[in-house]
Amino acid sequence: MVPLSYYLVLSGILFACGVIGFLIKRNIITIFMSIELMLNGVNLSFVAFAAHWQRLSGQIFVFFVMVVAAAEAAVGLGIIIAVFRTRETLNVDQVNLLKL
Amino acid sequence: MLHLILFLIFGSICVAGAVNLLVQRHPISSALSLVVVMASLAVEYLLLGAEFVAAVQVIIYAGAVMVLFVFVIMLLNAGAEERTQGSRVALLLGVPGVLVGGVLVAWVLLRQSGTQPVALGALPGYPKIIGNLIFHDFLLPFEVTSILILIAIMGAVVLAGQPATQSQPGEER
Amino acid sequence: MLSTEVFIVASLVKIVIAILVLLTAVAYSVWLERKVVGHIQNRWGPTRVGPFGLLQPLADGIKFIVKEDLTPPHVYKPLFIAAPMIAVTCALTSISVIPIGNWITVFGYHIPLQITDVNTGLLVVLGVTSIGVYGVALAGWSSNNKYSLLGGLRASAQMVSYEIALGLSLVGVLILSGSFSLRDIVNAQAGTFWGFIPRWNVFYGCQFFAFFIYLMAAYAETNRIPFDLPEAETELVAGYHTEYSAMKFAMFFMAEYANMITVACLATLLFLGGWRGPVFGPPLLQALLPVFWFVAKVFVFMFIYIWVRGTLPRFRYDQLMAFGWKFLLPLAIANLLITGFIVAYRS
């Protein structure tokens, strides 16, 4: 019997790690992975609340979040590949000017 | 009791994976720690009874989206990150700030422990019921997300495939 | 229902038996392949070691164990060592939800011939297959070698692309059976129609096209000829397992054949009626005959695998990807539509 708040604390820790990664990392792919970590943390809290309030809508929303995350990963990685082709670097600090 | 032990084991694997993602300098190690986080989250979903969501998490998130990430890291030959100039102020203010904020939020959440605990397998999410709901109550979001995936496929093909180079292996479903 | 202790003991016994049987089956499927491909190519295959070369797998096992395990200097060591372990773990895990027979009564306990019957058994197999892609991709990348990287990327792209056609070809079976549990899917194929033809999904369920789509997608998933360009000796040295020697190479080898056996088991469960077949005689025979039918059907499927390997040339990589995306995927979706209509018409 695990209290609901334990699931929420775990979800919060994952989300916080995602935010920290987003802010401190310099590699664009790692920044993107931190976004995925944030989405995973949110998914856990959706499923936990679905179990708490006994409504399946929470689990279905997780399904949609996963689909949207997959679509976003595809397009985002396409953008990263396109940027890499011109800039030759994956470091966000060096992609700060429109001029090459 | 077993529920609590399993939750703590897989919860600590999740947190260890998340911290490892932050600590590792090579993106491939971060990607693999994220796969570990997703797999242990799938077990957490199973503890809450969401069996279809757990299976979809492994098949799609850990088995396709992260494979795409690993492909891109391998293709672009991403090397280890260099050490940037860390700011002393950020370290002195940031780390204690995060810890204080985290402890505060956790304390507020844990004070609510008086609510009904979640049982093992609390809300069984059988594929049949979820399928019913998706195709009856949530039909519009379902159709809209399928259009979204179509747009994402077209976007990925246009962005990553250029006429001069060979076709990219990392296409998305 | 069994008590917890009996369940745990029975599960442990089943796990040990399943792994031993699977590893022996892997070793002897290598022997079968060498014999059959040899005869197709008008030569004998292994004949020296033991009668008909039957001890050849033992000799190969000893060779793999005593060979020098060479790790090249500039590889990324953690992933180099982990990749074959991931491949072999995923290959051996999917046997846990595959039922090989009906319920049997041992020492008074009623035990199913399956390690665990989960509600989402088919999804577990698909999920474990998806994770197995990491073994290949990481092996290719960590070897620090152009040929391995290219082979690894090609192999994993191929596996991910054909997973879609594989999954879609199975949805027709799911519509017919109404459940993801493998035992329920087999039980839905009970009985006969027109007197003697069994109600397997291939015949009565009209899943003939799905069967062939599944067959071709399975060949591509397990990187077998005609889809084995990623490990083609003539083009890429040895693809993603170029730099591996001795035990680690043996693990990739075992993983490939264990995947073949898993795919064959799934095909018999989903399309050929699993362990269903004529059952007669005393209770001991009645308990063993379903297992015999299951093994016979899996053997037929493995023979077809090996037969195709000895006969067809391999696809070029762009032909392979075009085949998966532009031919198999639309065909699988069309099969899904037709199966939906058939089920709606029948009910």
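Predicted model: local features only at pLDDT ≥ 70, side-chain atom pairs only at ≥ 80, totals over all residues.
## Confidence

The model has an ipTM of 0.93 and a pTM of 0.90. For chain C, the average pLDDT is 87, and 97% of the residues reach at least 70.

## Where chain C touches chain B

Let us turn to the contact between these two chains. Chain C contributes 19 residues, while chain B contributes 17 residues. On the chain C side, α4 (121–142) and α5 (146–177) each provide at least two residues. The largest share belongs to α4(C), with nine residues.

What classes of residue make up the side of chain C that touches chain B? That side holds 13 nonpolar residues, five polar ones and one charged one.

## The α4–α5 pair of chain C

The axes of α4(C) and α5(C) are 7 Å apart, at an angle of about 170°. Angles over 145 degrees count as roughly antiparallel, so α4(C) is roughly antiparallel to α5(C).

From α4(C), the residues that meet α5(C) include L122(C), L126(C), V133(C), V136(C) and W141(C). Among their counterparts in α5(C) are L149(C), L153(C), M159(C), V160(C) and L170(C). Glycines take part as well, including G140(C) in α4(C) and G151(C), G152(C) and G167(C) in α5(C). By class, the contact of α4(C) with α5(C) comprises 13 nonpolar, eight polar and one charged residues.

## The α7–α11 crossing of chain C

A further helix pair in chain C is worth a visit. Helix α7 (residues 208–221) and helix α11 (residues 317–346) of chain C have axes that come within 10 Å and cross at roughly 145°. Is the crossing of α7(C) and α11(C) left-handed or right-handed? The crossing is left-handed.

On the α7(C) side, the contact involves F209(C), A210(C), I213(C), M216(C), A217(C) and A220(C). These meet G324(C), L328(C), L331(C), A332(C) and N335(C) of α11(C). The contact of α7(C) with α11(C) has nine nonpolar and two polar residues, with no charged residues.

Note on methods:
Residues numbered from 1 in each chain as written. Chains lettered and ligands numbered in written order. Contact = placed C-beta atoms within 7 Å. Helix = DSSP H or I, 4+ residues; strand = E, 2+ residues; numbered from the N terminus. Nonpolar A, V, L, I, M, F, W, Y, C, P; charged D, E, K, R; others polar. Axes fitted to C-alpha atoms, helices over the stretch in contact; angles between N-to-C directions. Left-handed = near helix turned anticlockwise from the far one by under 90°. pLDDT = per-residue confidence, 0-100. Parallel < 35°, antiparallel > 145°, perpendicular 65-115°, else oblique.
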